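Please read the following briefing beside the sequence and the 3D view, taking one topic at a time.

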Amino acid sequence: MYVKTSLTPIEKLAQLGDEATRFEPAGDSPLAERRRRRSPDDEQMLSCISHVNTPKGVKPVLKAMVTTACENDCYYCPFRSGRGEMRRVAFTPDELASAFDRLQRSGIVDGLFLSSGVLNGGASVQDKIIDTGEILRTKYHYQDYIHLKIMPGAEYDQIARAMQIADRVSVNLEAPTAERLYALAPKKDFYAELFQRLQWTQQVRQQTPHRVRASTVTQFVVGAVGDTDLELLSLSARLYGQLGLTRAYYSGFSPVADTPLEDTPPTPFLRERRLYQASFLLRDYRWDVEDLPFLNDGNLRQDIDPKRAWADVHLLHAPVEVMHAAREALMRVPGIGPVGADAIIKARQRGSLTDLAHLRAIGIRTASLAAPYILLSGRRPPQQLSMWE
Ligand code: SF4
């Protein structure tokens, strides 16, 4: 069912509601974003606005779609072709840009995340996504956060243009291998339509660095078709290392009525959380995938975070001497991150660190988490948890 065309763009945005971009995080704190997605007063318009952590700070971001009509039939998606009697909406770039401008000038939103269903091929919709961003930048002089989706099958020049306009572009792989993608979204081609587009974002960045504004992210739908953490994190490591990816998002699957996966159980929240923790170890702590403590089934433990699971095996009986360890060794200790490791290296030049209180005094508030895995000037510290941690 299509909505009558007499609706205003704002009314059409309200029709989108919070189903728009159900699995697609708009910013840097996807777990918090999902919890806040539904507005307290449940007004439909507000439910497609999320307060998200963008590279420019926390902002109310409008999550919109050029169209909710789609010729693909991804098994998890509320917008798949032929799904029941659902309402479909479509915008012209002018309509979307002017609606956003109105909301932005009213102080209701300050940031746009723009995606779309696929209609007449990905390249055709990509033009509309780009045109919307271009109108916002040129006609309305909007200079803040814009996140544009790169559609399956988008062309190289379109990707280059999107990366000039947007602060962030996303090429969603959805699954870690071609086989998993086929089980999830049979009409999408993992290599030709998706992975190659991710490679192109890196090529554009390398060939025209002075013209590129956007970072690149990707997203996986986790847990619907037997994908393992090992598969997801192996691919993430490759994307961080070789394709300049800024961030991988792991969106736990949740079933949608009247889709082929409606009886598949939702993915536990803890699995998402452990994937993000492991992903940060790969990206920010320079761990190798081989360092991550996978179970025999290829998944991470859900009961404790992966850094602690690794430390329980490797550091409990071989603790790190805080006074002498290299930065990388310090960062292997639970409770000590890059900032804490730097603070330790600076502090130990001034004198001995002999007590957990010394670590807290230099800003390591999670010092008690580190206690089982460290020596302080040759001695194991006491292991009671501080009431502040
Ligand atoms: S391409 Fe797939 S995920 Fe995207 S809107 Fe269409 S059915 Fe949904």
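Arg286 is placed in the loop between helix H9 (269-284) and helix H10 (306-314), where helices (H or I, at least four residues) and strands (E, at least two) are DSSP runs numbered from the N terminus. This is a predicted model, in which local features need pLDDT of at least 70 and side-chain atom pairs count only at pLDDT 80 or more, while totals for chains, interfaces and linings use all residues. Residues are numbered from 1 along each chain as its sequence is written.

**Residues in loops**

- Arg286 has a phi near 60°, which is a positive value in a residue other than glycine. Most residues other than glycine have a negative phi.
- Arg286 counts as partly exposed because it has 13 C-beta neighbours inside 10 Å. A residue is called buried if 20 or more other C-beta atoms lie within 10 Å of its own, exposed if 12 or fewer do, and partly exposed in between, with C-beta atoms placed from the backbone.
- Asn120, which is found in the loop between strand S3 (112-115) and helix H4 (122-138), also has a positive phi near 60° and is a residue other than glycine.
- Asn120 has 8 C-beta neighbours inside 10 Å, and therefore it counts as exposed.
- Glu155 lies in the loop between S4 and H5, and it counts as partly exposed because 15 C-beta neighbours are inside 10 Å.
- The C-alpha atoms of Glu155 and Ser124 are separated by 9.8 Å, although these two residues are 31 residues apart along the chain.

**Parallel strands and their crossovers**

- Strand S2 (residues 57-65) and S3 run parallel and are joined by 4 bridges, and two strands are said to pair if DSSP finds at least two bridges between them. Met65 has Ser115 in S3 as its bridge partner.
- S2, helix H3 (residues 93-105) and S3 form a right-handed β-α-β unit. Right-handed means that, with the strands pointing away from the viewer, the path from the first strand over the helix to the second runs clockwise.
- S3 and S4 also pair in the parallel sense, over 3 bridges, and the chain crosses from S3 through H4 to S4 in a β-α-β crossover that is right-handed.
- Within this pair, Leu112 has Ile146 in S4 as its bridge partner, and Phe113 stands opposite His147 in S4.
- S4 is joined by 3 bridges to strand S5 (residues 168-170), and the two run parallel, with Leu148 standing opposite Val169 in S5.
- S4, helix H5 (residues 156-165) and S5 make a right-handed β-α-β unit.

**Burial in the strands**

- In a regular strand the side chains alternate between the two faces of the sheet.
- Ile146, which lies in strand S4, counts as buried because it has 25 C-beta neighbours inside 10 Å.
- The C-alpha atoms of Ile146 and Asp167 are separated by 5.5 Å, while the two residues are 21 residues apart along the chain.

**Two helices**

- Helix H7 (residues 190-207) has 18 residues and reaches 24 Å from its first C-alpha to its last, close to the 26 Å expected at 1.5 Å a residue. The expected span of a helix is 1.5 Å times one less than its number of residues.
- H7 bends by about 30° at Gln196, where the bend is the angle between axes fitted to the seven residues ending there and the seven starting there.
- The buried residues of H7 include Phe190, Leu194, Trp200 and Val204.
- H9 has 16 residues and reaches 22 Å from its first C-alpha to its last, close to the 22 Å expected at 1.5 Å a residue.
- Buried residues in H9 include Glu272, Arg274, Leu275 and Leu282.

**Around the ligand**

- The ligand is surrounded by Cys70, Asn72, Cys74, Cys77, Phe79, Arg80, Gly117, Val118 and Ala185, where a residue is near a molecule if its C-beta atom, placed from the backbone, lies within 6 Å of it.
- The shell around the ligand has 6 nonpolar, 2 polar and 1 charged residues. Ala, Val, Leu, Ile, Met, Phe, Trp, Tyr, Cys and Pro count as nonpolar, Asp, Glu, Lys and Arg as charged, and the others, Gly among them, as polar.
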